[in-house]
Amino acid sequence: MRPEELLFTRTHEWVCFERAADGSQIATMGITAFALEALTDLTYLELAAPGTQVTAGQPCGEIESVKAVSDLYSPVTGEVIEANLAARDKLELLNQDPYGSGWLLKIRTQEGAARVELLDYAAYQRQCAEEPH
Amino acid sequence: MRNQQATRTLFELSKPGLRGCRLPEPDVPAAALHELLPAELLADAPPPLAELAEPDVVRHFTNLSTQNMSVDTHFYPLGSCTMKYNPKRNERVAQLAGLAELHPLQPDTTVQGLLALLYELAAMLAEIAGLPAVSLQPAAGAHGELTSLLVAAAHFRRRGEQRTKVLAPDSAHGTNPASAAMAGFTAVTVQSTPQGFVDLDDLRRKLDGQVAVFMITNPNTLGMFDPQIRVIAEMVHGAGGLIYLDGANMNAILGICRPGDFGADMMHFNCHKTFSGPHGGGGPGAGPIAVSSDLAPYLPVPLIERTAEGYRLVLDRPHSIGRVRSFFGNVGVLIRAWCYLRTHGARGLREVSTQAVLNANYLLSRIQHILPVPQGNRCMHEFVASAARLKAERGVSAMDIAKRLLDYGFHAPTVYFPPIVKEALMIEPTETESKETLDAFADALHQIVQEPPELLHHAPHSTLHSRPDEVQAARHPVTSWHATRPRPASP
Amino acid sequence: MAYLFNTPEDQQAMLAAIGAASLDDLFAMVPRELRLARELDLPPALTEMELWHHAQKLAAQNRSCRELVCFLGGGAYDHFVPAVVDQLAARGEFYTSYTPYQAEASKGNLQAFFEYQTLITRLTGMDVSNASLYDGATAAAEAVLLSLAATGRRRVVLPESLHPAYRQVLATYLAHLDAELVTLPTPQGSLLPDDLAQAVDEQTACVLVQHPNFFGVLEEMPALASLAKRCGALFIAAVDPISLGILKRPGDYGADLVVAEGQSLGNPLQYGGPYLGIMACREPLMRRLPGRIAGQTTDRHGRTCYVLTLQTREQHIRRERATSNICTNQGLLALRAAIYLAVMGPQGLREAATLCLYKSRYLARRLVEASGGRLAPAFQRPTFKEFVLRDRSGRVEALVEQGLAAGYLAGVPLGRWYPQWADGWLLAVTEQRTLSEMEGLCACLAGM
């Protein structure tokens, strides 16, 4: 997927929405290339298990590097329906293809359910430019 | 002169049938084990430990020891850890059979000398703290923090106050918030000012009736004495909270000022730091605490009491938080602290802090123009220099400098702590170093900052190995030895 | 001054370099009104010679286990320590270094901790060991905290036969947390599987059982472990490491976590500390383990080396969400344990365990015989190196006093911890006790 087609949180997650057959929305999320670069070498990833209820803006996983640990924040309120275990077991995937095979969670959400503030690509780029690297 | 054969792991050195210790034949009737114990509890074979001859073990560990830097062999300016000289006289005293070979359940009447020593130690710590009640129980600084917070929790519970928060500055040791969480509190961070002092506005915002304790390190982790401490104490006390002093930096203020006098209600000492108990490759420590008389009833058991008949352990204290460890505190470390205090006396302790502060300021003055110290040109017993400028200009990081120092025969300072200083190098020389050593260290830094970045990125160059691959270690943890690993070829 | 260097001339030169007028000037940032206006009120300083003489005098006021014959146990034991342990651990390169933050300057300690961890996993049958905690009781408390976090449940089940100090420490640690402590009575001196079956359910985070327990009695570990695991609780075994010379390893009967007091492994009694908290677990719990862990890796030339690993669990990184607040641990005691286990080896440990078993069984039998009906075994199940006798005359304190008068540290009255067993008498026998010492104890009590 091209990053220009995605939406972004201020906490460096990306998300894209698809409509499911039953009318609910499926949010697929991951972390951005900018965040991955800042985190340096990842060592461990913990993802909320399918079935977990997550809340917009609240943690839904953890990303560890050698000497840092960061929360992964859910962009939406909903239920985790799939976690990308392939990425968890092969962390290189995140760096290789952060917006594709490096996705992390699929969350089922409803129209009108809570979301955090989402930025388009240009706005996210501006935010990154302002942050010290 | 490296002996690589002897420092292969114990398991690679192991050879079936070898053994290092033989015990006497039984002098009482023997029997087959299955006649004495149920089969379902008996092991089929002894545990698969290494099998070695005694000389193997000696050569192995002796050679391993030479692969360490230590206070006995090197300058070790590891900030926040107070790596001072460990007096040999203290070791000899602690190993006296009359002090070392005492069982914790012996009757009090058979340990009067030790109880007298520990009682005197507690009294000396109370005087240094300016707080009257001391518990010698905690095993280390972090254990002292936890114990104190449990004391505070018991105090508020008894008063019927629901206080759920513990505040600590962003410059605090990680143990502070971790101890708060373990004691059942919510940890809340208070911002520091650019000078590294507590941001009073932020403290005021976060101070409410929910706050049980404000944990403060003073001098703080930047090596600065926060002159607002009395104002802070008044604010916290005004809100009904308590002040906890993290005593990690007591080496700066012995006999100069006392936590109890500047507003602390509780504190811990790090005997392995301030009072020269050796650090033992990571412990044991001892983290006795001192508290105000209001909090004394909650101290853990046992305490030592002096009576007309002699000293005795007191276990029955109705408001006590209970026990925090199996037996009496880390006595071996406490004995060494007692030796240290008895060696110095009041004037000697004040001189310790004076010389520690002199050494730190001198070293600061020698290196601040190459490694700026953001907090200014004065410090207490330690200071935090920053390699940020070097990093920006030449790509050389604090870690590069730390690693290169090893090549020059110096242990590295603490790096990347506290997190509020970029590219931090936290340097604590202690009082037990000479001007010549400090000069040699400063000279080494002067040379290092001029060396090619490429050389520094790959430092150290003279140690047995270069930087370990920490990513590999964390991604695929190997935490014990397994035979599947190929054996290295014999040299 | 004892350990200072700077001559008056050095000090003047240093002050000049700093730009300070005087030593007092260095403390300018400490407000004057906060300064202590007097000297500390401390006893006068002693020279090394005076200190040595004074300390020897204090030491002489204690009656050590070298003077008295020690039959005390209860969690601390008078085991033999080979000279190698003291000699090697006394090397300054070991005991005057610190936590191996700089791997390249600490390979000795890191490899020693890696070897310690390996020895502990092999001793316990677990997958992962940390590099030590404070002592047995705090290790047990940490294991319980781990279980609460790992299971998301809040009930902790343990028997009364667990060391009373462990139970007290646990109560202290849990006092302000959302957890419930359920203590099961053990009237027969050990936990009955049926009683445990009644007490565990889907709310149970863990079951913590000591084996041999505080009374020296061996618990029915395989049955207890499977009961705990049947309802998804973690099974924590608190063990005597010496006993693993002959007893089945906790990993072999299904324990998820093992904790132990490691004092027995080459560490002096020292009136209760410093001791060694042993903690090991199965692989799935590794990231929840508290404390330091040494890991093996390679450098950029492919050379084997060691480093502190999985540090994101720890307080200096995860702060309030760390697995524990522990920082300084018991490194030197872990080193001593590694040396001890290396020099004992599997056969040495087996011999030590076997001697403990033979001798304690002998003393228990002989005391009963010599007492003329006054003493009887308190419990039926088998014991390891410690046992409880019941004194039908109910005067256990007198037995202990009589023993002391004759030069024996003759066990402890059990009533100190268990009012229901005020007639109970707890004694321990290690491999160090001889036939003549045991007969001596019997003889001195025979006339009572």
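User: How many residues of chain C are in contact with chain B, and how many of chain B with chain C?

Analyst: In this predicted model, 200 residues of chain C touch 206 residues of chain B.

User: How is the size of such an interface expressed, and what is the value here?

Analyst: Interface size is often given as the accessible area lost when the parts come together. For chain C and chain B that area is about 17,300 Å², with 64% of it coming from carbon and sulfur atoms. Three residues, C:Tyr3, C:Glu104 and C:Tyr271, supply 6% of the area that chain C buries against chain B, more than any other three residues.

User: Which polar and charged interactions cross from chain C to chain B, and how many are there?

Analyst: The rule finds eight salt bridges across the interface of chain C and chain B. One of the pairs is B:Arg347 with C:Glu39, whose closest N and O atoms lie 2.7 Å apart; the cut-off for a salt bridge is 4 Å. Polar contacts between chain C and chain B come to 88 residue pairs, both residues being at pLDDT 80 or more.

User: Which element gives the largest share of the side of chain C that touches chain B?

Analyst: Helix 11 of chain C, residues 331-370, does, with 26 residues. By class, the side of chain C that touches chain B has 106 nonpolar, 57 polar and 37 charged residues.

User: Now chain A. How many of its residues are in contact with chain B, and what area is buried?

Analyst: Seven residues of chain A are in contact with five residues of chain B. Chain A and chain B bury about 560 Å² between them, and carbon and sulfur atoms account for 54% of it. On the chain A side, A:Thr43, A:Val66 and A:Lys67 lose the most area to chain B, together 58% of what that side buries.

User: What salt bridge is there between chain A and chain B?

Analyst: The rule finds one salt bridge across that interface. A:Glu92 pairs with B:Arg475, and their closest N and O atoms are 3.5 Å apart. With a salt-bridge cut-off of 4 Å, this pair therefore counts. There is also one residue pair in polar contact between chain A and chain B, counted at pLDDT 80 or more for both residues. The side of chain A that touches chain B consists of three nonpolar, one polar and three charged residues.

User: Which domains make up chain B?

Analyst: Chain B is divided into domain 1 (10-65), domain 2 (89-343) and domain 3 (354-465). The centres of domain 2 and domain 3 of chain B, taken over C-alpha atoms, are 31 Å apart. Their contact takes 21 residues from domain 2 and 18 residues from domain 3.

Notes:
Residues numbered from 1 in each chain as written. Chains lettered and ligands numbered in written order. Predicted model: local features only at pLDDT ≥ 70, side-chain atom pairs only at ≥ 80, totals over all residues. Heavy atoms only, no water. Domains from an automatic or database assignment. Contact = heavy atoms within 4.5 Å. Buried area = accessible area lost by both parts, 1.4 Å probe. Salt bridge = Lys/Arg side-chain N within 4 Å of Asp/Glu carboxyl O. Polar contact = N/O pair within 3.5 Å; in protein donor to acceptor, adjacent residues only side chain to side chain. Helix = DSSP H or I, 4+ residues; strand = E, 2+ residues; numbered from the N terminus. Nonpolar A, V, L, I, M, F, W, Y, C, P; charged D, E, K, R; others polar.
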